[in-house]
Amino acid sequence: MSSKSHATLRYTSMRFSIFGAVFVVVLVLAHFKLMPVMAGAPGVLLLLIIALVVSGLLSYVLLSRQRDEMSAQITEGIEGRRNRGAGMKQRIAAQTAAEDALDDAVRADAQ
């Protein structure tokens with residue numbers, strides 16, 4: 001397997017891991033009153049938003065190599081599909097030309 005074979009899965013799992021770690025840190029800070037938080041659901045929502053923002057920034061900085069690998073993997077997949085599509089168009093054009101030639105030959109014999 002190449003190093004880019006599962007780049008999207010690896011990048012996504014690393015993003016979730018960073019978010020989970022940041023969320024745990026934010027919860028611990030809130031538990032020990034090092035971060036002012038409201039009680040109840042609004043407080044938890046605020047902690048989630050803080051964790052999302054911080055983990056997003058960390059992921060942007062820490063996962064640039066994985067993001068580049070994922071981008072290369074996606075680009076290769078798109079190019080592969082385009083190439084397969086171009087080959088199919090060529091085969092269809094060849095079949096159409098062969099049918100046209102056969103049709104022309106049949107019409108020439110009929111006259």
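1. Let's start with proline 42: at 44% relative accessibility it counts as partly exposed. (Buried means under 20% relative accessible area, exposed over 50%, and partly exposed in between, using a 1.4 Å probe and protein chains only.) You'll find proline 42 in helix H2. Helices here are DSSP runs of H or I with at least four residues, strands are runs of E with at least two, and both are numbered from the N terminus. Proline 42 and arginine 91 sit 49 residues apart in sequence and 61 Å apart in space, C-alpha to C-alpha.

2. A quick word on what you're looking at. This is a predicted model, where local features need pLDDT of at least 70 and side-chain atom pairs count only at pLDDT 80 or more, while totals for chains, interfaces and linings use all residues. Residues are numbered from 1 along each chain as its sequence is written, and side-chain values use heavy atoms, with hydrogens and water left out.

3. Now look at how H1 and H2 pack. Two packed helices are described by the angle between their axes and the distance between the axes. For H1 and H2 the angle is about 135° and the axes are 8 Å apart; axes are lines fitted to C-alpha atoms, for helices over the stretch in contact, and angles run from 0 to 180 degrees between N-to-C directions. H1 and H2 are therefore oblique to each other, because angles under 35 degrees count as roughly parallel, over 145 as roughly antiparallel, 65 to 115 as roughly perpendicular and the rest as oblique.

4. Which residues in H1 and H2 meet? On the H1 side they include Arg15, Ile18, Phe19 and Val22, and on the H2 side they include Leu47, Leu48, Ile50 and Ala51. Contact means heavy atoms within 4.5 Å. Pick out leucine 47: leaving out residues up to four places away in sequence, leucine 47 touches Phe23, Val26, Leu27, Ala30, Met35 and Val37.

5. The largest nonpolar core has 12 residues, among them Tyr11, Phe23, Leu47, Leu63 and Met70. (Such a core is a set of buried Ala, Val, Leu, Ile, Met, Phe, Trp, Tyr and Cys residues joined through side-chain atoms within 4.5 Å.) H1 gives the largest share of this core, seven residues. As background, nonpolar side chains tend to be buried together in soluble globular proteins.

6. Searching the whole structure turns up one aromatic pair. Phenylalanine 19 and phenylalanine 23 are stacked, at 6.0 Å centre to centre and 15° between the planes. (Rings of Phe, Tyr and Trp, the last by its six-membered ring, pair if their centres lie within 6.5 Å; planes under 30 degrees apart count as stacked, over 60 as edge-to-face and the rest as tilted.) Because they are four residues apart in helix H1 (residues 7–31), about one helical turn separates the two phenylalanines. Phenylalanine 19 is partly exposed at 22% relative accessible area, and phenylalanine 23 is buried at 19%.

7. Phi of lysine 33 is near 60°, a positive value in a residue other than glycine. Is lysine 33 buried or exposed? Lysine 33 is exposed, with a relative accessible area of 72%.

8. Glutamine 66, in helix H3 (residues 64–110), is buried, with a relative accessible area of 9%. Apart from neighbours within four places in sequence, glutamine 66 is in contact with Tyr11 and Met14. Glutamine 73 lies in helix H3 too, and the C-alpha atoms of glutamine 73 and serine 5 are separated by 7.3 Å, though these residues are 68 apart along the chain.
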